[in-house]
Amino acid sequence: MSTPDLRQALRSETAASHRQLDQRMGDLDLFGSPQHYAAYLALMHSLHLAMADSINCVANHLNLSSNEVLIRSLEQDLDSTGHASLRNQSANATQQNGSDTVRERRSPSAEQWGTAYVIEGSSMGGVFLYRQAQQKLDPYLGSEFLRQLSGHAADRWPRFIEGLRATDIDSDRAITSAKATFRQAEIILEQLLLRLNRSEDEERTHGSSNLSDLGGQH
């Protein structure tokens, strides 16, 4: 079953999923805490790796660039936070759909359109986030990913929407895939935050132990 406006159907049917993820992200102090900013970057890195096949198949179909440049900028920005281990973790744990650029031209499936809708749509939030980053982010922290993402809202996103509206696919399958992508984003974010919390607890424990050792030497 297809709809006259697949973009509207996707937006309507995923509104609750989108709102739930936004609320969870809203709990983070993205630009006041390097740890929280790192969690956001690691989340996006994980998603771009895990969904690369879908993103790049659709991009190739629309004559858009692959997501390889965004992945590199995410890695550089994440390294600047001092939490490169999150990048390694995400790279090892989430390459479910392959991370190689799709070079073979083929028509994307409904599921791939649904997944790409969620990932490509993040550029709209990227505009707001990049403005905030320019005002609030510590200058030693990289923001190249957000800069590029913000730019995609002006050029890449309209071309994606034009292609989405022109395609003839099963809307139910696309919507189901989009909702699953939002759910995966929530799961990855929770895993990253747990990992960060454990790391911070270990640092505090080691710090207390070192202080006790120093005290015993005097």
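The entries below go from the whole chain to single residues.

**Ground rules.** I am working with a predicted model, in which local features need pLDDT of at least 70 and side-chain atom pairs count only at pLDDT 80 or more, while totals for chains, interfaces and linings use all residues. I number residues from 1 along each chain as its sequence is written, and side-chain values use heavy atoms, with hydrogens and water left out.

**Overall build.** I counted 10 helices and 0 strands in the protein, taking helices (H or I, at least four residues) and strands (E, at least two) as DSSP runs numbered from the N terminus. Of the 218 residues, 46% are buried, where buried means under 20% relative accessible area, exposed over 50% and partly exposed in between, with a 1.4 Å probe and protein chains only. I also looked at contacts (heavy atoms within 4.5 Å): among those between residues at least 6 apart in sequence, 87% join residues at least 24 apart.

**Confidence.** The average pLDDT (the predictor's confidence in each residue, from 0 to 100) is 86, and 81% of the residues score at least 70. Helix 4 (residues 52-61) has the highest confidence, at 97, and helix 6 (residues 84-93) the lowest, at a mean of 66. Over residues 94-102 the pLDDT is below 50, although this stretch has 24 contacts in the model beyond near neighbours in sequence. Residues 214-218 also stay under 50, and there the model has 0 contacts beyond four places in sequence.

**Largest pocket.** I searched on a 1 Å grid over the protein atoms alone, where a cavity is a set of points where a 1.4 Å probe fits but cannot get out, a pocket is an open set with protein on both sides within 12 Å along at least five of seven lines, and lining residues have an atom within 4 Å of a point. The largest pocket holds about 800 Å³ of space, a volume being the space filled by probe spheres set on the points, with grid points joined across faces, edges and corners. Its lining has 33 residues, with His18, Asp22, Gly121, Ser122 and Gly125 nearest the centre. Helix 7 gives the most to this lining, 11 residues.

**Largest cavity.** I found 1 cavity of 30 Å³ or more in the whole structure, and the volume of the largest cavity is about 60 Å³. Among its lining residues are His48, Asn67, Ile119, Glu120, Ser122 and Arg156. Helix 7 supplies the largest share of this lining too, 3 residues.

**Thr115.** Is Thr115 buried or exposed? Thr115 counts as buried because its relative accessibility is 6%. I placed Thr115 in helix 7 (residues 110-136), and leaving aside residues up to four places away in sequence, Thr115 touches Met51, Ser54, Ser177, Ala178 and Thr181. Thr115 and Ala52 are 63 residues apart in sequence, yet 9.8 Å apart in space, C-alpha to C-alpha.

**Thr14.** I found Thr14 in the loop between helix 1 and helix 2. Thr14 is buried, since its relative accessible area is 2%. A polar atom of the Thr14 side chain lies 2.6 Å from the backbone oxygen of Leu10. Beyond four places in sequence, Thr14 touches Tyr117, Ala178, Lys179 and Phe182.

Key. Polar contact = N/O pair within 3.5 Å; in protein donor to acceptor, adjacent residues only side chain to side chain.
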